Amino acid sequence: MSLASDVPAGSPRLHLSKDVQQIVYRLLAAGLICLALGIATDAFFTTNNILNVLRQASLLFFLASGLTLVILTGGLDLSIGANIGLSACLAATVIKATGSPVLGTLTGLATGCAIGICNGLMVAKLRIPSFIATYGMLWVLHGITYYYMAGETIHGFPPGFRQIGSGHFLGIPIPVYLMVVFLVAGTIFAQRTVWGQQIYAIGANPVAARLTGIPIHRRLILVYGFSGAMAGVASIVFLARLNSAEGDIGEAMTLPAIAAVLIGGASLFGGIGSVFGTFIGALILTLVLNGMNLLAINASWQPLVTGAILVFAVWLDMYGRKKA
Amino acid sequence: MPAVPGVAVALVGLAVLFAIASPGFLSPGNLSNILVQSVILLLLALPMTLIIMTEGLDLSMGAVLTLASLVLALIVVATQSLVLGLLGAIAVGLVFGLANGWLVAVLGIPPFVATLGTLGAAQGLALIVSDGQSVVGIPRFVRQVYSGEMAGIPTPILIGAGFYALFHVLLYHTRFGTYVCALGGNRDALTLAGVRWRPLLIAVYMLGGATAGVAALLMTARMNAGHPTAAIGMEFDAIAAVALGGTSFEKGNGWIFGTLLGVLTVGVLRNGLNLMAVPSSVQVACIGALVIFALFLDGMRSQKS
Amino acid sequence: ADETIAVFTKNQTNPYFQTVRVGAEAAAKAMGAKVVHYIPTKPDSIPEQLSQIEDVIVKKPSAIVFVPVDYKAMVPGVEQINDAKIPVVNVTDRSAGGKFLAFVGADDYSLGLETGRYLLKEMGGKGNVVILEGVKGSLTNVDRVRGFNDALKEFKDVKLLASQPANYQRLQGLQVMENLMQSHPQIDGVLAANDAMAIGAIEALDGANRKAKVVGINGTKEAVDAIKSGKLLASGDYNGFLQGCIGTMVAIRALRKETIVNEVVLKPTVVNASNYKPYDVPLESRSCPSWSDAAALSVKTN
Amino acid sequence: MRAVMEKMPRLEAAPSAETPGTPLLELRGISKVFPGVKALDDVSFAVWPGEVHMLLGENGAGKSSLMKVLCGAYQADAGEYFHKGEQVDIRSPADARRFGISVIFQEFSLVPYLDVAQNIFLGREFPSKIPGLLDRRRLYREAQAVLDLIGLDVDPRTKVHSLGVAQQQMVEIGKALSQDARILVMDEPTAALSDRETERLFEVMRQLQAKGVAIIYISHRMAEVFALGDRITVLRDGKMVGRALPGETSPDELVRMMVGRNVDMSYPRRFATELGETVLEVKNVSSVNGIRDINLKVRAGEIVGLCGLVGSGRTEVARAIFGADAVTAGEIRLFGKPQTGGPDAAARAGVGLIPESRKTEGLALIRSVSDNLAIAGLPKLFPNMVFSPAKARRSAQELIQRLRIATPSPRQNVAVLSGGNQQKVVIGKWLAAGTRLFIFDEPTRGIDVGAKSEIFALIDQLVAEGAAVLMISSEQAEIVHVCDRAYVMRGKRIVGELARADLSEENIVRMGMHDE
Ligand SMILES: Nc1ncnc2c1ncn2[C@@H]1O[C@H](COP(=O)(O)OP(=O)(O)OP(=O)(O)O)[C@@H](O)[C@H]1O
Ligand SMILES: Nc1ncnc2c1ncn2[C@@H]1O[C@H](COP(=O)(O)OP(=O)(O)OP(=O)(O)O)[C@@H](O)[C@H]1O
Ligand SMILES: [Mg+2]
Ligand SMILES: [Mg+2]
């Protein structure tokens with residue numbers, strides 16, 4: 001049974017605007033940070049800086065958007081960072097060896113996707129808890145990547161390829177377009193397709209979902225495969241932006257990606273969350289880094305400030321949604 | 001728990017494998033090595049088991065350990081008193097535990113995010129109090145805590161055994177333990193039984209903090225220094241050991257002996273691979289494969305029943 | 001001979017340590033010994049390196065070539081090696097305690113100082129600079145940044161705009177640089193505590209069509225390429241290959257009761273457009289110097 | 001059911017007058033509003049020592065809410081409490097315990113990974129002589145005593161998550177009984193129980209009553225009302241609509257009070273005369289969950305019952321047919337084709353399973369009524385895979401009306417629906433899925449009398465349209481009334497088949513209980 005205080009209950013009067021309200025409250029947290037930064041430094045509210053923040057958020061968002069679906073099913077994918085590392089290194093090798101960015105891109109995407117599908121198989125078919133399956137996968141991938149790269153880097157890619165990461169179109173960076181595409185596609189997939197609904201249902205109650213005839217194995221494999229493929233996408237944009245691949249490039253991104261999803265309002269227990277929320281989460285994390293750099297906050301203080309803002313942003317979002 | 005859990009199979013299998021492959025493995029010295037090396041991780045994994053049983057998570061543990069270790073080092077260097085230093089370290093742990101518990105239980109912030117936030121805070125404070133430098137000049141008697149012996153048994157093993165016993169009793173023989181299980185399994189059941197769950201949940205996180213404080217003593221004694229990045233990321237090892245031991249992330253399904261086995265399995269694996277001089281990149285992959293394998297066994301079993 | 005040399009390095013991710021390992025292997029191969037590497041699976045992990053020492057002592061290698069993950073925190077580990085009576089050579093970071101056959105290294109402080117000086121000189125002693133720091137709290141970072149700052153003190157007309165952490169990560173180097181460019185319209189120089197961040201910063205500058213002189217540290221292959229193409233001004237190097245070579249040679253010679261040196265402090269080299277040639281050779285095809293050349297670098301000889 | 005009732009002596013009604021002195025506990029003017037629902041509206045309610053007070057009402061009438069207010073789990077928006085005539089405050093379950101109130105909740109309040117004994121004594125652990133520690137031997141001793149009292153044959157060290165629904169319900173009962181309560185609230189305690197457990201429970205109730213315990217009893221089973229009740233209170237739409245004494249009223253009158261109109265409780269059926277193709281054929285099937293050599297057949301246009309005692313293996317048969325448990329031997333044919341896949345394959349073939357545990361197996365509690373109703377029918381409703389929330393809500397709206405689900409809106413969170421309405425949602429989700437073979441496992445658990453006959457009418461209509469039904473029910477009366485024929489199970493096997501003509505409660509009991 002549930003006690004009244006713990007149950008989010010909807011009132012019919014607010015229903016029409018409830019979804020909108022949730023978005024508003026989520027944006028509020030990001031908005032407040034923007035406002036504070038805008039007041040603190042003139043450099044913040046410039047077109048350049050906004051585009052800059054968006055472009056920086058895009059990499060994190062690619063990773064986090066795939067992860068959102070995994071978390072919606074009540075799982076977790078800890079291997080995405082390591083996945084980026086291996087996908088990028090293989091893609092880079094192929095580009096170097098064949099001179100063809102297309103082949104390289106395909107390699108990166110395929111590697112990412114294959115790793116994701118392995119995760120999915122382990123979680124769905126072998127029934128290994130996702131935390132462990134992907135944690136194990138993380139180590140396996142690191143091992144392979146370190147062995148393969150032996151501390152070296154691969155760098156120098158064709159300019160055409162590099163457009164994906166550092167090019168502009170109509171003054172707006174290409175990764176930002178890509179981000180919008182994935183934001184829209186991800187939102188439509190999650191909210192407006194049968195598969196998306198089934199993914200929510202699996203996260204909300206896997207037992208009930210199975211007994212409702214949802215093919216949970218296939219959906220789980222799909223979701224992990226998708227998360228892996230998004231890591232592949234991130235690895236390609238990464239290569240294109242940084243013009244270089246090394247084994248540990250993704251390592252520092254796993255935790256922020258999970259954080260972005262959770263700041264975006266998702267629950268680790270599944271069934272709650274949205275791709276748009278994740279976008280806001282990625283934005284908040286990026287804004288915090290941007291702000292600290294703009295204000296040149298002392299390096300020692302940065303983890304502390306980040307932590308405090310994180311907790312505050314999530315609290316605000318939750319508080320707001322409780323009110324809504 | 002299944003009759004023979006995967007983690008036990010993995011542990012025994014590895015031990016046999018290494019005993020055959022590497023002559024030094026079964027020497028008393030090496031076995032005591034493995035145990036001693038596992039103690040700090042065990043001290044984090046024990047409370048982590050309880051926290052995970054409440055459907056929680058504590059990502060701040062490694063950073064809190066680090067901060068506590070620095071505070072301990074600073075206090076010991078200043079006062080030459082081990083007791084004061086330890087109290088300081090435990091106090092740091094308790095304060096962070098309280099903060100974690102308060103964020104999770106009272107403000108209702110998801111544990112992952114809440115403790116990620118305090119992780120940042122602890123890491124930042126560690127950098128600030130140490131100015132990014134190691135703290136050295138730790139007196140000899142602190143080192144004794146790690147390298148000393150009692151009745152021929154290394155002190156860390158005694159401490160580890162003591163804490164294991166403590167947590168075992170706490171979980172299975174006290175009210176607190178029963179309630180920990182209920183916190184994850186069905187919080188409403190506690191409320192209906194007239195038990196206030198929020199203070200309990202806070203207590204669980206504080207217990208984690210305090211134990212991290214004790215682990216900080218061992219860590220400081222081991223390094224003979226306080227270091228601002230010493231235990232960063234250790235919480236993930238602890239979480240993995242707990243999961244390896246068969247504790248699940250939902251519904252308060254935990255097993256403290258499994259955690260012990262999980263910690264030992266990781267210890268044996270790393271030690272054995274080092275003895276066999278397996279290259280680091282292959283070691284990394286082996287750790288991953290083992291972790292998957294152990295849980296795969298459990299998965300197979302649960303599929304059958 | 002059948003000596004086994006255990007080589008301890010800090011991580012598998014930093015190309016610098018790869019050069020140390022390759023150097024050690026080259027030396028061992030030349031002298032007919034065997035090398036086994038011990039690298040923490042988690043980069044720069046103090047507890048892990050301590051555990052590895054304990055595990056290795058069980059195996060009793062002939063000698064150890066040791067790069068401490070942290071020069072202070074690893075002292076108990078060194079003492080354990082001493083207690084086990086295994087000869088050990090200290091490479092790269094000078095350990096704060098323990099007994100060593102020899103120290104072979106270059107210190108991060110002078111590396112930072114020299115590299116910083118070079119950039120500031122090239123800037124004509126004036127302009128605005130930013131520092132990209134490595135992992136806060138890691139020893140290399142502390143010393144390199146201290147070196148940068150001391151170099152800055154020598155050039156009164158150079159203004160330090162910001163000193164921000166990018167954790168030795170390429171992506172963060174890029175992003176932090178992008179952010180810094182937003183609030184600072186004029187940046188003339190970038191002091192990065194490693195090459196990855198330096199190259200990230202260059203990408204950021206390129207992306208914004210801005211120019212600044214950038215220096216990094218480590219003298220990696222990638223940095224040399226960037227120097228060749230004129231994108232990177234210079235990279236400080238303390239020659240990991242040579243350190244690996246000499247450290248291992250000392251260890252083996254000591255085992256064979258040959259003469260050794262007990263202190264080799266390599267002078268940092270600032271690799272730039274005029275002197276990059278020797279660095280442009282693939283690692284595998286480099287070879288260790290002869291013992292007499294190596295001994296000539298020593299500060300004191302036994 | 002009826003067999004049990006007849007064996008039982010009529011209880012002595014303790015106080016017989018309309019107002020027999022000071023009540024033990026009295027609630028006055030209780031109101032409770034949830035967003036969109038006025039769950040309780042100025043309700044007054046009183047219990048006297050030694051009586052069994054029946055609380056009746058439709059699904060969603062507010063019975064459970066009233067009890068939660070009574071035990072402090074909910075805070076009333078308005079109202080007063082009187083204990084033995086003195087005004088008191090009950091703000092939390094802890095307060096309620098002090099007044100000797102103990103509750104058997106409709107939704108279980110058990111902790112899955114604690115064992116039976118720990119659950120029974122949760123919050124009341126026994127300290128041992130060593131301070132801080134627990135006396136575990138005493139715990140299991142006392143727990144065994146409680147289990148003996150309620151006649152539950154399980155090891156007190158069993159973790160409750162491994163128990164079936166019925167056993168969990170018994171543990172829940174044991175938990176409440178062990179509290180030395182002076183006021184005992186039982187919210188549909190027998191909904192999950194079969195006759196044997198029910199009988200045992202009634203015995204215990206009689207003993208408690210003799211000791212002067214006041215019992216508040218909520219049930220949708222009319223027979224129980226008259227067999228047990230000393231006094232009746234009826235709620236409708238959150239309001240108190242009537243009080244009655246069992247001797248002075250009739251089932252029809254009570255139902256009229258509850259529903260506000262006449263309801264036919266006889267479940268009329270047009271029994272099948274012509275049957276269609278064989279939709280389900282089970283041949284010599286055994287499954288991982290222990291059922292052995294199961295043979296059965298269901299044809300389009302018929303309702304087939306599956307009866308037996310708790311633990312006889314009915315649920316396992318249902319799960320095996322649906323592909324939820326792996327089959328170890330034998331063959332299952334659905335619509336003529338062998339079924340080898342999992343539940344998804346079965347669902348695609350046109351089978352729907354209404355599981356026995358709505359909370360754990362039937363509903364996504366964090367999602368809305370509309371989401372839950374749509375989930376099984378997604379592929380049918382949206383054949384081109386494009387999901388439209390508006391269309392899903394419209395379809396949900398239809399089902400809400402068809403099944404009379406009491407919810408303020410399709411967007412309401414399903415967790416806050418009343419028990420019976422949740423059950424209707426579980427049934428409803430298959431109606432949108434184009435299902436042709438329904439497997440109902442205790443479909444009417446917790447459903448009120450009015451709704452029950454509506455659901456049976458619905459089933460009748462489905463069958464008339466060519467669907468087939470396999471129905472498991474612990475209420476044998478239902479099976480007898482509704483089924484064309486029935487299989488009886490015992491000890492994980494099918495021990496017999498009863499044709500329509502032989503279908504009677506006696507026959508079922510005789511077959512199912514034989515040589516136990
Ligand atoms: N926590 C809550 N939040 C919102 N609405 C609630 C909550 N609890 C109950 N309700 C609503 O209050 C009404 C009364 O519910 P209650 O559970 O008391 O019904 P009931 O009489 O016990 O029905 P049933 O016989 O089906 O169990 C229902 O409409 C239900 O949806
Ligand atoms: N002989 C027994 N005594 C007690 N419990 C039993 C016995 N046999 C089975 N059980 C347990 O009873 C629970 C419910 O039984 P099961 O689901 O097999 O039968 P069922 O006929 O579907 O019963 P139900 O009336 O609950 O639907 C299961 O958890 C099972 O393990
Ligand atoms: Mg109810
Ligand atoms: Mg059943």
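A salt bridge is a side-chain nitrogen of Lys or Arg within 4 Å of a carboxyl oxygen of Asp or Glu. By this rule, a search of the whole structure, which is a predicted model, finds 50 salt bridges over all chains.

**Figure 1. A salt bridge within chain C joins R144(C) and D108(C).** The side chains of these two residues meet with a nitrogen-to-oxygen distance of 2.7 Å. R144(C) belongs to helix α5 (residues 139-154) of chain C, and D108(C) to helix α4 (residues 108-122) of chain C. The two residues are 36 residues apart, so that the pair links distant parts of the chain.

Figure 2. On the side of chain B, 44 residues are in contact with 39 residues of chain A. The elements that give two or more residues to the side of chain B that touches chain A are α5 (111-130), α9 (187-192), α11 (234-244) and α13 (280-304) of chain B. That side of chain B divides into 28 nonpolar, 11 polar and 5 charged residues. Across this interface the rule finds 0 salt bridges. Polar contact is found for 2 residue pairs across the interface of chain B and chain A, both at pLDDT 80 or more.

**Figure 3. Chain B and chain D bury about 1,800 Å² between them.** The contact takes 22 residues from chain B and 22 residues from chain D. Of the buried area, 66% comes from carbon and sulfur atoms. R175(B), T178(B) and L192(B) supply 30% of the area that chain B buries against chain D, more than any other three residues.

**Figure 4. R175(B) forms a salt bridge with E125(D) across the contact of chain B and chain D.** The closest N and O atoms of R175(B) and E125(D) are 3.6 Å apart. The count between chain B and chain D is 1 salt bridge. For polar contact, the count between these two chains is 6 residue pairs, both residues at pLDDT 80 or more. On the side of chain B that touches chain D, the elements that give two or more residues are α7 (155-173), α8 (175-185) and α9 of chain B. The largest share of that side, 6 residues, comes from α8(B). The residues of the side of chain B that touches chain D divide into 10 nonpolar, 9 polar and 3 charged.

**Figure 5. A nonpolar surface patch on chain A covers about 490 Å².** The patch is made by L28(A), L32(A), L35(A), I39(A) and F312(A). Helix α1 (residues 15-40) of chain A gives the most to this patch, with 4 residues. F312(A) is found in helix α13 (residues 302-323) of chain A.

Technical notes: Residues are numbered from 1 along each chain as its sequence is written. Chains are lettered from A and ligands numbered from 1 in the order in which they are written. This is a predicted model: local features need pLDDT of at least 70, side-chain atom pairs count only at pLDDT 80 or more; totals for chains, interfaces and linings use all residues. Side-chain values use heavy atoms; hydrogens and water are left out. Contact means heavy atoms within 4.5 Å. A polar contact is a pair of N or O atoms within 3.5 Å; within protein, one must be able to donate a hydrogen and the other to accept it, and residues adjacent in sequence count only if both atoms are side-chain atoms. Ala, Val, Leu, Ile, Met, Phe, Trp, Tyr, Cys and Pro count as nonpolar, Asp, Glu, Lys and Arg as charged, and the others, Gly among them, as polar. Patches are made of residues with over 30% relative accessible area and no salt bridge: like charges are joined within 9 Å, nonpolar side chains (Val, Leu, Ile, Met, Phe, Trp, Tyr) within 5 Å. Accessible areas come from the Shrake-Rupley method with a 1.4 Å probe; for residues, only the protein chains shown count as cover. Buried area is the accessible area (1.4 Å probe) that two parts lose on being put together, summed over both.
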